[in-house]
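Here is a friendly walk through one protein model. Have a look at the structure below, then read on.

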Amino acid sequence: MRKPSSVGWLTSPSGTRSKFLGVNATEVVRTRLLDESQIDALRAWAREVEAWPTGSHVWGHYAEGTPDGPRICRTENVSACHPGIASLVTGSLADCAAEALGEPVVAFKDKLNYKQPGGAGFSPHQDKVAYPGVERVMSILVAIDDCRVESGCLWLSGDARDVLPVDDRGVVRADVATELDWFAVELASGDAVCIDGLAPHYSETNRGDVPRRVLVASYAPTSEGYTRAHYYAQRRDHMRSETARDGRFRISTLADFDGAEVATDAATDHCTHP
Ligand SMILES: O=C(O)CCC(=O)C(=O)O
């Protein structure tokens with residue numbers, strides 16, 4: 001894939017300094033979105049949630065095979081069961097999304113991605129394609145740990161003006177992805193990146209020796225009427241029918257995760273974790 005060109009800086013009306021990536025001004029990095037006490041709390045909460053038994057959370061608490069054995073790779077809809085994470089998702093992160101979208105927002109989705117050493121990345125995709133029926137979307141990815149190229153940080157492209165052609169996994173077709181210019185978005189713990197629905201993004205395997213954990217929360221303008229209940233019902237139905245069709249392991253609506261499944265009995269109607 002083609003590699004990056006320029007990176008500049010923007011200052012928002014509230015004075016926040018943001019990194020501007022490529023030509024699409026909605027793709028920005030917010031340095032120090034979380035202060036030290038918020039990031040300390042988020043680290044502790046992520047450890048608590050990661051310790052839940054695999055399969056114990058109705059919306060998904062998934063494990064993948066890594067060189068060190070099975071490891072938790074994602075918890076979906078964390079805020080449904082964790083008030084601390086819920087307070088961040090509806091607080092500082094929602095404020096950031098509202099500023100980026102320029103209107104009031106609803107938080108319809110959140111997840112923790114853990115990416116342990118040797119943990120897999122995600123193939124290029126666009127969130128508008130991943131979230132059935134959403135019109136405008138802004139995802140805020142917050143770094144719990146430093147995210148470096150070696151540990152599998154996000155790569156973004158500012159080139160897409162529309163939905164791009166996808167393959168049978170729902171990810172951007174390889175021949176199209178190869179033609180895009182990509183920027184590595186390295187983040188320090190507590191920094192965040194705003195990703196709009198059309199911004200293609202991907203990440204690589206964690207080739208380092210420490211985890212690269214992130215919290216990702218997604219927002220739609222309140223005016224769209226797109227809700228958390230609607231999204232998670234659509235997600236469940238879509239994942240069931242797609243996996244019945246192609247037999248692929250997926251931890252999201254698209255089969256964008258490049259990891260290897262560790263199958264478990266999953267909780268279906270109530271959570272069994274602490
Ligand atoms: O955590 C990552 O590396 C990728 C985030 C992402 O794009 C996703 O979870 O869909």
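E48 counts as partly exposed because it has 14 C-beta neighbours inside 10 Å. In this scheme, a residue is buried if 20 or more other C-beta atoms lie within 10 Å of its own, exposed if 12 or fewer, and partly exposed in between, with C-beta atoms placed from the backbone. Please keep in mind that this is a predicted model: local features need pLDDT of at least 70, side-chain atom pairs count only at pLDDT 80 or more, and totals for chains, interfaces and linings use all residues. Residues are numbered from 1 along each chain as its sequence is written.

Where does E48 lie? You will find E48 in helix α1, residues 36–50. Helices (H or I, at least four residues) and strands (E, at least two) are DSSP runs, numbered from the N terminus. With 15 residues, α1 reaches 21 Å from its first C-alpha to its last, close to the 21 Å expected at 1.5 Å a residue; the expected span is 1.5 Å times one less than the number of residues.

Now turn to the sides of this helix. I39, L42, W45, A46 and V49 are the buried residues of α1. They sit on the same side of α1 because they cover an arc of only 125° around the axis, the arc being that of the directions from the helix axis to the C-beta atoms. On the face turned away from this buried side, α1 carries the exposed residues E36, S37, A44 and R47.

Next comes a sheet. It is open, with four strands in the order β7-β12-β9-β10 and antiparallel pairing; two strands pair if DSSP finds at least two bridges between them. The edge strands, each pairing on one side only, are β7 (122–125) and β10 (183–185). Between β7 and β12 there are two bridges in the antiparallel sense, and F122 stands opposite S203 in β12.

A184 lies in strand β10 and counts as partly exposed because it has 17 C-beta neighbours inside 10 Å. The table gives two C-alpha separations.

| Pair | Apart along the chain | C-alpha separation |
|---|---|---|
| E48 and G69 | 21 residues | 20 Å |
| A184 and C147 | 37 residues | 9.9 Å |

Finally, which residues are around the ligand? They are N113, G121, F122, L154, H201, S203, V214 and V216, where near means that the C-beta atom, placed from the backbone, lies within 6 Å. Two or more residues of this shell come from each of β12 (201–203) and β13 (214–221).
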